[in-house]
Protein chains: 2
Amino acid sequence: MEAVPSKPATIRDVARLAEVGLGTVSRVINESPQVSKATRSRVHKAISELNYVPNPTARRLSLGRTMTVAAITPFFTRPSITERLRGIENSLAESEYDLIIFNVETVARRDELIREVPRRERVDGVLILSLSPRDEDVPILEKADVPIVLVDANHPSLTRLNRVIVDDVEGGRVATHHLIELGHRRIGYISDFLDNAFNFTSSRYRFQGYRQALSGAGIPFRSEYHGQSEHGRYEAERLVKIMLNYEDRPTAIFAASDTQAMGVLEAARDLGLRVPDDLSVIGYDDIEVAEYLGLTTVRQLLFESGQRAVEILLESFEQTLAEPLCEVLPTELIIRKTTSSRSG
Amino acid sequence: MEAVPSKPATIRDVARLAEVGLGTVSRVINESPQVSKATRSRVHKAISELNYVPNPTARRLSLGRTMTVAAITPFFTRPSITERLRGIENSLAESEYDLIIFNVETVARRDELIREVPRRERVDGVLILSLSPRDEDVPILEKADVPIVLVDANHPSLTRLNRVIVDDVEGGRVATHHLIELGHRRIGYISDFLDNAFNFTSSRYRFQGYRQALSGAGIPFRSEYHGQSEHGRYEAERLVKIMLNYEDRPTAIFAASDTQAMGVLEAARDLGLRVPDDLSVIGYDDIEVAEYLGLTTVRQLLFESGQRAVEILLESFEQTLAEPLCEVLPTELIIRKTTSSRSG
DNA sequence: CTGTTAGCGCCTTCAT
DNA sequence: ATGAAGGCGCTAACAG
């Protein structure tokens, strides 16, 4: 029933109450073995009596570590992103590190964060999600004085940064190959802009896989079968409607993400095309809604990618890794109800 | 090309280089007006020369403030939650405060966080999303020595905590009333458990609104028209399928969230019921996918709720509010294509 | 206007 | 095994 919220107890208060030096209290807190059982329990008693909790800020200053990990992430309402973040939070929760999140919705903010967040006065480590460094970012990031792990992001000239990625070229190939196997020859690809200010690269790599699969099957690439626009369901819908009005319209569409695949499904519905009878559709990611829609897609390990990134980061706190890890997570083709062999 | 990442410059280095006392540097950093233009620019020169950035940890210790805000949130992959979080991040980004996020997926963690996070050694303020305090939480939270804002959470006996809520009773009433106006008399309500370990309360309040609307129209409540289960699309689907097999099955369903409404739509599809001809469906939230599905729903201001909560929190840093705010955000009925007047 | 000094709370030697 | 003391980098109060 105390009225004024009195100041929290400090290590000094504990020392006084337990009648020990404050170094001893510190040792008890940090579980140093070299404290006699007797004094240790005296200290513990004082701690719980005073409801003492060590001040994290003071601890950080003294340790020279922030006990904090930053995640820099674009558009964290996108399902694929939140699932990764969930994995990150999940792994970090078991550690002593706090997770601080920076959401990127503009290029300016992206640049600001890449320059200012990875500093060791600020955080102990940085996770960068789905934002591949541009050429000019590489030296900045490689020179950063804190460990960085890229998740779903990459750059060819990286020599010092750890990465957890998925082989998007392979994923694109597998998706396209699935369609080809079903007998499709006119296969469209719907994606966000292959070149974009944020430098999202996954659509680019998936596109490469798409083209490889095509040429592997002797099918020439036709640029009118590639539609690109902003990311989003409606944009995808608009793009694909154009494509579906061609004389020799595609019989199958590979969408660069499940979200975009939803737009394709919507377009088909509007145009009175049955899926998969008249049009096969395959997505990418296997976000939660994909199963609901019965969407055939390429699954990637979203949650696990976040977990794995944290593991790598925490490891690199212990010891600088001999050479940077580039871990490639597998993809898996999930066949549901939106793809079938070409009928008409 | 320096090999060893040298230690970051400190305020002392700047002072030395600029040939001033370090108090002066501090003043320049903190934009104290009482520094002559001349020395100020000398200091600025030194700062940029040394690439100096103040150490946040030291700053925090000295200020006695953490410059950090925590968000405690359940299941942050749920669209309604991420949209709120986005609003929070958005507003906080313009401030000097860092956002640290705690995701709750178990009751144990929920309790742990509620007890341990709201301490002023740890954070300057706490946002709690969609987790209404239980009776035993109220004293803990009210006694906390940092400002707390509840978002989409409430408790009748709260006297000191700020809240940003939506009138879910009203929302439930509006949704149900819409159905009644369309001529429906047999109206089902699908929700997650009204009583649950996390103490999510929104479904409970929406249920109250549902019942009020019914009795207002002279329609008796029938418990077999209320299905509750875990939150989720599939669970909702399962529930509603039972209901739709009754002899006098409902002609309309009010789902406590858009996600659950999706399950209802799926069930209808499976059972060969046309929406809205055979079954009207209304959801709640107006998450992004709702528009795509043409789902009639009750919109709440998700993003804005996060922004508003941050505003209130920041205000309460300046001055303890005379009395706690309880801000009620409006809801809006969004009529789309899944509700129509009762036909058969 | 500006330099100096005393903490902020903790960790970590260094003695004892 | 334990106490004392110095320092982490910064802010703020106090002299000048």
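Two strands are taken to pair if DSSP finds at least two bridges between them; strands (E, at least two residues) and helices (H or I, at least four residues) are DSSP runs numbered from the N terminus. The model is predicted: local features need pLDDT of at least 70, side-chain atom pairs count only at pLDDT 80 or more, and totals for chains, interfaces and linings use all residues. Residues are numbered from 1 along each chain as its sequence is written, with chains lettered from A and ligands numbered from 1 in the order in which they are written.

**View 1. The open sheet of chain B.** Six strands follow the order 7-6-8-9-10-12 with mixed pairing. Strand 7 (226-229) and strand 12 (331-334) of chain B are the edges; each has a single partner strand, so one side of each lacks a neighbour in the sheet. From one strand to the next, the twist averages 15° (axes are lines fitted to C-alpha atoms, for helices over the stretch in contact; angles run from 0 to 180 degrees between N-to-C directions).

**View 2. Strands 8 and 9 of chain B.** Strand 8 (residues 252-255) and strand 9 (residues 280-285) run parallel and are joined by 3 bridges. F254(B) stands opposite I282(B) of strand 9.

**View 3. Helices on the sheet.** Helix 9 (residues 202-216) of chain B touches strand 6 (187-192), strand 8 and strand 9 of chain B, its direction making about 170° with that of strand 6. Contact requires C-beta atoms, placed from the backbone, within 7 Å. Helix 11 (residues 258-270) of chain B lies across strands 6, 8, 9 and 10 (296-300) of chain B, at about 160° to strand 9.

**View 4. Surroundings of L127(A).** Leaving aside neighbours within four places in sequence, L127(A) contacts V69(A), A71(A), I88(A), V149(A), V151(A), A309(A) and L313(A).

Terms used. Two residues are in contact if their C-beta atoms, placed from the backbone, lie within 7 Å.
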